[in-house]
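I opened this entry to record what I looked up, one item at a time. The structure goes in here before the notes.

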Amino acid sequence: MGVATFGPVDPNPNSEYYGYITNTPKKLWNFADVLGTFKRAFPGVPAAFDTDVNAPALAEFSFNAAEGRFGDLRLGFCF
């Protein structure tokens, strides 16, 4: 499963705070363990974490690469 969120986040898998929203002015989200919450809800499911900006770009690239197309533009939405 891929989990993406607004930042700032810690995208380093070797970090203690990987998968967290870090120091944000949104007080209820400050140091929220986003990825850990999903991993606990879906045990045994492989999970990755990134920003809400990087994840759609990676999906777009991956989809086009799988289709053998490069340079195509498709629009996706994240909620």
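I start with the cut-offs: buried means under 20% relative accessible area, exposed means over 50%, and partly exposed lies in between. The model I am reading is predicted.

Entry, Phe 31. I looked up its accessibility and found 38% relative accessibility, so Phe 31 counts as partly exposed. I placed Phe 31 in the loop between strand 2 and strand 3 (32-33). Its phi is positive, about 55 degrees, although Phe 31 is not a glycine.

Entry, Thr 22. Is Thr 22 buried or exposed? I read 15% relative accessibility, so Thr 22 counts as buried. I found Thr 22 in the loop between strand 2 and strand 3. Leaving out residues up to four places away in sequence, I listed its contacts as Pro 8, Val 9, Asp 10, Trp 29, Asn 30 and Phe 31.

Entry, Pro 8. From that list I went on to Pro 8, which Thr 22 touches. I located Pro 8 in the loop between strand 1 (2-5) and strand 2 (20-21). The peptide bond joining Gly 7 and Pro 8 is cis, and I noted an omega of about 10 degrees.

Entry, helix 1. Which residues of helix 1 (residues 34-41) are buried? I noted Val 34, Leu 35 and Gly 36. I then checked what these buried residues pack against, and found strand 1, strand 2, strand 3 and strand 4 (48-51). At the N-terminal end of helix 1, I found Asp 33 as the cap. A side-chain oxygen of Asp 33 lies 2.9 Å from the backbone nitrogen of Gly 36.

Terms used. Residues numbered from 1 in each chain as written. Predicted model: local features only at pLDDT ≥ 70, side-chain atom pairs only at ≥ 80, totals over all residues. Heavy atoms only, no water. Helix = DSSP H or I, 4+ residues; strand = E, 2+ residues; numbered from the N terminus. Buried < 20%, exposed > 50% of the residue type's maximum accessible area, 1.4 Å probe, protein only. Contact = heavy atoms within 4.5 Å. Polar contact = N/O pair within 3.5 Å; in protein donor to acceptor, adjacent residues only side chain to side chain.
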